[in-house]
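Here are my notes from a first pass through this model. Have a look at the fold before you read on.

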Amino acid sequence: MQELLATRQTSAVELTRDVLARIEKVEDKVKAYITLDPEGAIRQAEAADRELRAGTGGMLCGMPLSIKDVLCTEGMRTTCGSRILENFVPPYDATTVTRLKESGAVLLGKVSMDEFAMGSTSENCAFGAPRNPWNVEYICGGSSGGSAASVAADECIASLGTDTGGSIRQPASHCGVVGLKPTYGRVSRYGLVAFASSLDQIGPLTKDVTDCALMMNVISGYDAKDSTSVEKLVPDFRRALTDGLRGMKIGIPGEYFVKGLDPEVEKVVQQGINILREAGAETVEVSLPHTDYCVAVYYLVAPAEASSNLARYDGVRYGFRDKASETLLDMYKNSRSQGFGNEVKRRIIIGTYALSSGYYDAYYKKASQVRTLITEDFRKVFETCDVLASPVTTTPAWKLAEKIDDPLSMYLSDILTISANLAGIPGISVPCGFSNAGLPIGLQIQGAHFQEEKLLTAAYNLEQRLNIAHLRPENL
Amino acid sequence: MKITPQEISNVANLARLNMSQEEVEAMARQLDEILTYVAKLNELDTEDIKPTTHAISIVNAFREDEVKSSLPKDKALNGML
């Protein structure tokens with residue numbers, strides 16, 4: 001696509017109009033967007049065309065993108081999928097958004113997500129749930145569900161999502177697109193509305209691995225405005241897209257092929273691993289003994305951080321306010337109770353409980369200690385192999401509303417993605433095949449801190465040999 | 001029962017949330033299930049393990065104390081109710 005734009009065979013305006021027409025056609029079924037800005041998009045595309053003509057266009061010049069509605073966009077409503085921020089218009093851009101704009105990207109609008117990124121299906125969105133483009137009766141995954149769905153349905157070229165416990169990789173897997181969660185600190189979180197600050201990371205969802213590398217080139221790098229971003233040289237990630245995996249050692253973690261792993265998922269992932277072997281990689285069986293504890297750790301640590309981060313929604317500083325309340329305390333309580341949805345309340349309660357005096361040692365501290373053990377597992381395993389290959393999810397996408405009333409079973413569905421966030425390591429989901437029902441299944445590759453290039457090399461080789469990246473949902 | 005409806009009410013008050021009796025009871029049931037599940041962490045001996053509160057090891061991020069341009073006042077106050 002970039003080539004077509006660079007050689008002037010198409011224009012940014014033409015491309016943007018095409019994507020907007022596609023949105024017009026399928027959005028009724030997919031429901032990916034919360035806010036769409038067609039006029040603004042055309043204006044940006046016109047500017048991109050001027051840059052392209054002048055030869056000054058950046059790396060993503062003229063590319064129409066969607067942005068998860070958790071990243072601040074100046075002058076464009078940012079709801080986080082929540083009633084409490086329904087009318088919140090940020091006065092500044094998130095650093096990642098600034099970088100996309102500087103590279104010439106065209107921002108189409110903001111896409112749907114679980115409220116405050118809490119969920120695995122995007123059904124916790126206050127403005128309606130997005131659907132899986134491969135079958136609109138199924139969930140698209142979450143929390144970056146709108147991002148994955150908009151990419152899969154060709155309602156954008158690529159999207160920016162966030163991943164706190166699998167929220168990029170899991171919907172990418174369910175929607176058959178590429179999703180990368182970078183190393184913690186690789187990408188600035190400035191302007192990202194915080195859920196769990198020690199776990200959140202921003203990353204791309206794209207149609208293929210090459211686009212993923214391109215997006216990473218643009219959004220990565222140190223930012224003085226995020227004190228947890230890391231001052232580390234950003235490589236040209238496209239250089240990692242090389243043919244052949246000779247010399248790469250891929251660990252297969254036994255704990256990721258758990259009881260309860262759907263046989264169709266197992267089969268597709270094993271085929272994917274065989275392809276990685278055919279590409280020249282050596283595979284070894286490895287063990288991450290504390291994997292089974294990751295869900296328990298996560299569902300204490302993440303709600304604890306969330307309960308603190310979400311204390312700012314008090315009806316005073318921004319967002320929804322209950323104007324009928326007579327006392328200050330009532331105003332706090334009524335604003336929050338009416339503004340937040342059930343899952344957010346549940347996590348605030350868990351977090352507040354886990355941090356409350358008398359329970360802190362038993363829950364939050366204990367979880368933080370086990371987090372150390374999980375991180376150590378990865379450190380040891382990456383002494384013996386370069387990357388890990390595994391499933392992303394234990395099952396293909398399920399039907400809408402199937403698990404929404406059973407929080408624990410919903411939480412357990414994140415078991416294969418959560419550890420990477422706890423340890424801060426990068427992970428990618430690459431399309432690997434389909435279930436018998438025609439739903440996409442991804443393969444996950446994880447690596448040591450700042451080893452995104454190895455992930456991309458392995459993912460690229462799988463993609464090239466599988467040759468399924470061009471497949472699109474047919475029934476939309 | 002690890003957690004009672006009364007405890008949920010207390011925590012909800014600390015978190016500045018209103019909950020109906022029905023909501024409190026449903027939440028108590030769900031939280032009880034979740035807390036029973038997370039109790040599996042007690043299978044592990046973590047006596048001498050240092051807690052991790054941050055995913056990567058970084059030291060304090062200091063910067064020079066220089067005046068830089070910031071958000072103008074009218075823009076910053078734009079979201080006022």
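The points below cover the sheet and then some backbone details.

1. Ground rules: this is a predicted model, in which local features need pLDDT of at least 70, side-chain atom pairs count only at pLDDT 80 or more, and totals for chains, interfaces and linings use all residues. Residues are numbered from 1 along each chain as its sequence is written, chains are lettered from A and ligands numbered from 1 in the order in which they are written, and side-chain values use heavy atoms, with hydrogens and water left out.

2. The sheet of chain A is open and mixed, with 11 strands ordered S1-S3-S2-S6-S8-S7-S12-S13-S11-S9-S10. Strands (E, at least two residues) and helices (H or I, at least four) are DSSP runs, numbered from the N terminus; two strands pair if DSSP finds at least two bridges between them. S1 (33-36) and S10 (282-286) of chain A are the edge strands, each with a single partner, so one side of each has no neighbour in the sheet.

3. Within that sheet, S2 (64-68) of chain A runs parallel to S3(A), with five bridges. A:Leu65 faces A:Leu107 of S3(A) across this pairing.

4. Check the backbone at A:Gly142 and A:Ser143: the peptide bond joining them is cis, with omega about 10°. A:Ser143 sits in the loop between S5 (135-139) and H5 (145-152) of chain A.

5. Two non-glycine residues have positive phi: A:Ala117, near 65°, and A:Asn467, about 55°. A:Ala117 is in the loop between S3 (106-111) and S4 (131-132) of chain A, while A:Asn467 lies in the segment after H15 (452-466) of chain A.
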